[in-house]
Amino acid sequence: MAQEASSSTSSKTISLKTGDGEIFEIEASAAKQMKTVQRLIDDLGDDITIPLHNVFSKELPKIIEYYKKDITGEITKDFEAEFVKDLNDDEVKVLFLAANYLDANKLFEFLSQNIADRLESKSVEYVRKYFGVENDFTPEEESKLREERAWSFRGIKEDE
Amino acid sequence: MGRKQTKSTRRKLTGACTEPDRISCLPGHIIDRILSHLPIKEAVRTSVLSSKWMNKWYTIPNLVFDRKCISAIASEDPLVFESKYLKIVDHVLLLHTGPINMFKFSDCGRDFISESVVTDIARWIRHLIGRSIKELVLEVVIEERYKFKLPRCLFSCQSLQRIKLYSGWLKPPTTFKGFRNLKILELYHITITQNALENLISSCPILEHLTLIGLDDLTEIKIHAPNLKILGILGEFVDFSFENTFQLTELSLLFHSQRNQSRLSGCSSNLLKFSAHLPHIQHLDISSGFLKYLAAGVVPVMLPTPCINLRFLFMCIRFNDMNEVLAALCLLRSSPNLQKLEIIAEHGKQTILPTPDSYCWEEIFSGPAVPISVRHVNIEGISGIKFELDFIRFLLMYSSVLEKMIVKPGLNVRPELMTELIRFKRASGQAEVIYNGEDSVNYGGEDFP
């Protein structure tokens with residue numbers, strides 16, 4: 001199947017291979033929105049399967065779903081709310097990191113907002129676990145800081 | 001480390017780190033993005049996560065103080081609340097470093113009663129100017145008696161791209177040369193002289209969006225803004241004129257009433273003068289006060305140059321004033337690409353012109369040169385007087401691609417109104433007329449042959 005190396009028409013599809021070996025198809029116009037993919041296409045050509053080492057079969061379909069909607073200009077607040085509704089915090093994090101790796105800006109922005117929304121009113125311990133941060137404060141240092149910023153701690157439910 | 005790992009984290013990665021440390025190992029810009037989306041309260045709390053995180057939030061680009069910020073102190077005594085709220089802003093500004101993109105301070109609907117808010121805000125503004133502030137949003141209503149004057153240094157801040165103010169006195173110094181980078185200006189209930197406002201507008205070369213709400217001391221204003229795309233004026237009637245505003249795409253003129261009808265010239269119509277300035281207009285909102293102003297002079301049946309870009313039209317019409325009806329009809333006939341029409345029927349307290357008992361339908365409701373292209377129509381507040389019914393009849397008769405018309409009656413509606421509406425002839429076979437009365441029943445176009 002002879003492919004042209006020139007810029008793709010809107011109906012062209014690109015093959016993507018995830019880090020765990022599965023292959024997915026996306027439209028070329030959707031691929032354009034993921035700068036990492038586009039760069040690989042520019043280097044390797046658009047008729048070979050693009051390898052994505054850091055993205056896996058669990059999250060890529062969801063990302064493809066988002067950009068399918070994006071190229072038709074149909075992304076609404078309702079769609080975005082639906083999109084993340086059934087995802088837990090960790091699943092969103094994985095998607096977010098994948099969006100970062102793919103340099104998919106729109107999704108990245110949306111998910112960073114969603115993560116921020118989810119972390120609101122979560123306890124400090126929860127946020128530490130989420131970001132993988134080790135607490136290196138002494139108990140005295142920590143309580144001093146908390147006191148200084150007491151206004152920001154009101155109304156938060158702390159973990160037991 | 002004994003931390004429970006979820007299914008999704010049990011994956012070998014070829015990155016530098018393994019889950020769950022992936023995020024904290026990544027470049028700062030990722031953490032910064034998330035931090036920038038956190039409400040200020042949450043951002044400040046991240047200081048406590050670890051010593052590395054203590055000052056990560058210090059460089060967030062936007063500082064927004066609103067309901068989310070005050071949720072914990074909101075229930076306290078007003079003076080205590082105010083004092084605590086102002087201290088929070090001071091605390092954040094003290095720790096924050098680097099440029100500030102947006103500063104927003106909202107009074108959250110509570111009246112500020114202490115006078116210290118005036119000095120505090122002035123101090124914040126001075127501080128923000130030194131941080132290359134781009135968007136200054138002060139949604140604070142300050143009592144008249146405090147005479148809150150915006151500090152003079154504000155007028156030399158050339159980083160500003162957006163200014164939104166809810167109250168205060170604006171008195172630009174004579175040395176004021178304009179805001180080079182200002183795109184958006186929103187002034188609510190500001191005290192400013194006509195001269196100062198006109199100068200302010202005309203000296204902002206790239207101004208695109210101007211909103212003037214409740215500037216009721218002004219009686220006249222000339223708007224010179226060659227790049228203006230969006231203009232909204234709401235409040236008491238103002239005799240305004242455009243100079244060089246040909247880029248306007250969105251215009252809202254919602255005047256409560258009209259004070260002086262000094263422009264009542266017998267020959268040329270205000271409508272003609274008005275529309276000549278708006279070749280690109282896409283979205284138009286007009287109150288009945290302004291419609292009456294447009295109707296002064298002889299109202300043409302149709303404008304010589306149609307508004308070919310107009311897609312959305314909102315009008316408040318006092319249907320017992322024939323002039324307003326004529327002006328509305330003229331606009332409709334001159335908008336060949338209109339998609340959506342919204343109308344609110346207003347009933348003024350004073351009787352203007354008595355509705356003529358009989359008039360010639362053809363004379364007033366003559367058909368448009370091309371069919372009206374509107375697809376969605378919303379009409380609210382009608383009571384069933386003749387002009388209202390004829391207007392609706394006109395719309396149904398000449399809108400060949402109408403999809404949906406929703407009619408919501410006002411109080412004191414004649415009960416026969418619904419039956420009369422349904423009977424009107426429709427040019428569009430698929431038109432649905434929905435009557436949102438007390439018992440909302442839909443009468444679809446298909447039900448009636």
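**Exercise 1.** Over the ring of which residue does the charged end of Arg110(B) sit?

*Solution.* This is a predicted model, in which local features need pLDDT of at least 70, side-chain atom pairs count only at pLDDT 80 or more, and totals for chains, interfaces and linings use all residues. Residues are numbered from 1 along each chain as its sequence is written, chains are lettered from A in the order in which they are written, and side-chain values use heavy atoms, with hydrogens and water left out. A charge sits over a ring if NZ of Lys or CZ of Arg is within 6 Å of the ring centre and within 35 degrees of the ring normal. The charged end of Arg110(B) meets this over Phe81(B), 3.8 Å from the ring centre. Phe81(B) also belongs to one aromatic cluster, whose members include Phe65(B), Tyr85(B) and Trp124(B). In chain A, Lys93(A) lies over the face of Tyr130(A), at 4.5 Å from the ring centre.

**Exercise 2.** Describe the pair of Tyr166(B) and Tyr188(B).

*Solution.* Over all chains, the search finds 33 aromatic pairs, where rings of Phe, Tyr and Trp (its six-membered ring) pair if their centres lie within 6.5 Å, with planes under 30 degrees apart counted as stacked, over 60 as edge-to-face and the rest as tilted. Tyr166(B) and Tyr188(B) form a tilted pair, 4.9 Å centre to centre with 40° between the planes. Tyr166(B) lies in the loop between β4 (162-165) and β5 (168-169), whereas Tyr188(B), 22 residues apart from it, is in strand β6 (residues 184-188); strands are DSSP runs (E, at least two residues), numbered from the N terminus. Tyr166(B) has a relative accessible area of 23% and is partly exposed, that is, between buried (under 20%) and exposed (over 50%), with a 1.4 Å probe and protein chains only.

Terms used: Helices (H or I, at least four residues) and strands (E, at least two) are DSSP runs, numbered from the N terminus.
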